[in-house]
Amino acid sequence: MKITDLMIQETMIMDLQATTKDEAIDELIASLNQSGRINDPALFKEMIYKREAESSTGIGGGIAMPHAKTKAVNEPTVVFAKSKQGLDFEALDDELAHIFFMIAAPEGAGNTHLRTLAALSRLLVDSDFIAELMNTNTPQEVSALFDAKQAEAAEKEAAKEKAKAEKAAQASSTESGANNVRNNSGVIVGNADTDDFVVAVTACPTGIAHTFMAEDALKKKAQEMGINIRVETNGSEGAQNVLTADEIARAKGVIIAADKNVEMARFDGKPVLQRPVSDGIRKSEELIRKAVNGDAPIYRSQGGNTKDDGAGDSKMSVGSKIYKDLMNGISHMLPFVVGGGILLAISFLVEQLGGSDNPIFKLLQTIGGEGAFHFLIPVLAGFIAMSIGDRPALMPGMVGGLMAVNSNAGFLGGLAAGFLAGYVVIGLRKALKGLPKAIDGLKPILLYPVLGLLIVGTIAYYIFDPVFGALNTWLVDALGNLGTGNKVLLGLLLGGMMAIDMGGPFNKAAYTFAIGVFTSSGNTDGAWMAAVMAGGMAPPLAIALATTFFKSKFTEQERKSGLTNYVLGLSFITEGAIPFAAADPLRVLTSCIIGSAVAGGLTQLWSINVPAPHGGIFAAALANHALLFLLAVAIGSVISGLILGLWKKSPTLVK
């Protein structure tokens, strides 16, 4: 398939009018939408920004490649655009971007399409080709240039294949072939015993563009430097050109240019450079030189861990690292919260109808309360620890969490135990680093578990459990003694936080607080669960109402998407409002925060208690005042919907 089959002329923008990154993204998406290549501009835009949040697609050299792979795409398409004046796209080299390729790939993109997009990405590391692109004036000239370049690349590939066959035949007739190393086309290029040889892995979150640009940049630079290299790509089609154990063993160093997880255990004992994929594109010479010289940390696979993230935690801010570790614990805890919590809530309903001796009540209490809910804090603590210290930290983290449950240190004690266990294991790795290599195998199966458990258990027993137990008791008592006015204020705060970032840190902080109080009170105080659930249900319901009753303010695709928010809102899935918030953050977020705060405050004004940590409308029947809970949600949703509908501009007027 030709690149120009995807880069159709009707979508090209030869004079981009945008002056900012946001405007450029909007203008490119508008071209896709007008040509019918996408079916949900709001969702596509959300996915574009999600990719930008991971790392800028302004790759430098005057090029930006925003891209997304999503069900919002009808047909694989690349929008080409040129900006004469250039604009700040937050490029990696801080230079203005002049050439843009917006890649739209459907979730089910075929291998042919993905290979074509990879071919496009590889062309863009050629500075001469980019200069030629800058001089084009019409879509026809752009298409002709890409067709010619792709034909030239095909000729070179054919020549390589011919050389491969000739040299392979020659090598097979010599006894020295056993120690030879093949280049990326399979051609033997030298002897690994005497020549410099490195291996690399490239990967980006979507696996469409940067993966292959980094591959090509590393290969070209290695050729210039006279160094043999093998590059494995982890793209949308999965791992290609997978490195063999023999190649890894022979390599002087390993380059991991990746922004997502790659298989790491195979590199145990090798010098490994772990960098963002962007460094593979722009700092290829530096990476190759360091790899050849062995100027990289020796990688050690700990406790059977097979994956690591290419960017490395060292690239994160302290706040981002803490949030990542906390979310790892919460994400693994949520199934226990939802499953156990709803069964536990149903048991309360059964108790009201059949009494505490009812066998169904006892069964549900055993499964939900004594079963699933008993694991909440240990699972939370264990997976926080694992996020920090890998698998050796899981067991001491879980035990620390269980000790918090048994000592009444509760949710806070579990959080502290999880972080403690993770960093204790990291400390043990450093402390035991100087031991003889002969006992390296004992570290993950004996030393880390025993010493980690002893240290974490001792600190939890003598410090965490007494301190957090007292603090937890004080918190529950203080919340229980709040006056109506203070309860309403806290309800307003918790409800509003659910809408600030719709699934982000503020949302999770409010939800985590409510879960903490819920578990600490013996799974009976659902007042704060009522506030966060009402606050979380309001935004998607508000979107649904606004798109229904203010149709002229939304596009046809937005109206269709709005209908799904009725279901999402009733199910307590706040994230349904995210595409609309991404497209118009000021109006959508402001209106949703107001409505969610009102909904949360009303639950406290009316003393509503929802004894379930999830479920939305399905948990409403379990509330002590079910109709009032639904009324609070309805009032908050209507307020947000009205504000948004009246405030929002018509589609053609949105700035």
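Trainee: What makes Leu-451 partly exposed?

Mentor: The model is a predicted one. Leu-451 has a relative accessible area of 31%. Buried means under 20% and exposed means over 50%, so a value of 31% makes Leu-451 partly exposed. This leucine belongs to helix α15, residues 442-480.

Trainee: Which residues form the nonpolar surface patch that includes Leu-451?

Mentor: The patch consists of Leu-442, Ile-445, Leu-446, Val-450, Leu-451, Leu-454 and Ile-455, and its area is about 610 Å². Membership requires over 30% relative accessible area, and Leu-451 has 31%. As a general point, an α-helix has 3.6 residues a turn, so residues three or four places apart point the same way.

Trainee: Which residues make up the negative surface patch?

Mentor: Asp-88, Asp-93, Asp-94 and Glu-95 form that patch. Asp and Glu count as negative, so the patch made by these residues is called negative. Asp-88 is located in the loop between β4 (77-87) and β5 (97-105).

Trainee: Why is Asp-88 called partly exposed?

Mentor: Its relative accessibility is 49%. Exposed would require over 50%, so Asp-88 at 49% counts as partly exposed.

Trainee: How do you know that Lys-21 and Glu-52 form a salt bridge?

Mentor: The closest N and O atoms of Lys-21 and Glu-52 are 2.7 Å apart. The limit is 4 Å, so the pair qualifies as a salt bridge. This pair links distant parts of the chain, with Lys-21 in helix α1 (residues 21-34) and Glu-52 in helix α2 (residues 41-54), 31 residues apart. Both partners are buried; for Lys-21 the relative accessible area is 9%.

Trainee: What is the salt bridge between Lys-21 and Glu-90 said to tie together?

Mentor: The side chains of Lys-21 and Glu-90 meet at 3.2 Å, N to O. Lys-21 is in helix α1 and Glu-90 in the loop between β4 and β5, so the bridge ties together parts that are 69 residues apart in sequence.

Trainee: What makes Arg-429 and Asp-390 a salt bridge?

Mentor: Their closest N and O atoms are 3.6 Å apart, and this is within 4 Å, so the pair is counted. Arg-429 is buried at 17%, whereas Asp-390 is partly exposed at 23%. The cut-off of 20% therefore separates the two labels.

Trainee: How many salt bridges are there by this rule?

Mentor: The count comes to 18 salt bridges.

Trainee: Why is helix α14 described as largely enclosed by the rest of the structure?

Mentor: Of its 22 residues, 16 are buried, so α14 is largely enclosed.

Trainee: How do you know that the span of α14 agrees with its number of residues?

Mentor: At 1.5 Å a residue, the 22 residues of α14 (residues 410-431) should span 32 Å, and the end C-alpha atoms are 31 Å apart, which agrees. For α21 (residues 585-605), 21 residues should span 30 Å, and the end C-alpha atoms are 30 Å apart. Just after α21, Ser-607 takes a positive phi of about 55°.

Trainee: Why is Phe-373 called buried?

Mentor: Its relative accessible area is 7%, which is under 20%, so Phe-373 is buried. Phe-373 sits in the loop between α11 (359-371) and α12 (376-389). The C-alpha atoms of Phe-373 and Gly-339 are separated by 8.9 Å, although 34 residues apart along the chain.

Definitions and conventions. Residues numbered from 1 in each chain as written. Predicted model: local features only at pLDDT ≥ 70, side-chain atom pairs only at ≥ 80, totals over all residues. Heavy atoms only, no water. Patch = residues over 30% accessible without salt bridge, like charges linked within 9 Å, V, L, I, M, F, W, Y side chains within 5 Å. Areas by Shrake-Rupley, 256 points an atom, 1.4 Å probe, with all protein chains shown as cover. Charge placed at Lys NZ, Arg CZ, Asp CG, Glu CD. Helix = DSSP H or I, 4+ residues; strand = E, 2+ residues; numbered from the N terminus. Buried < 20%, exposed > 50% of the residue type's maximum accessible area, 1.4 Å probe, protein only. Expected span 1.5 Å × (residues − 1).
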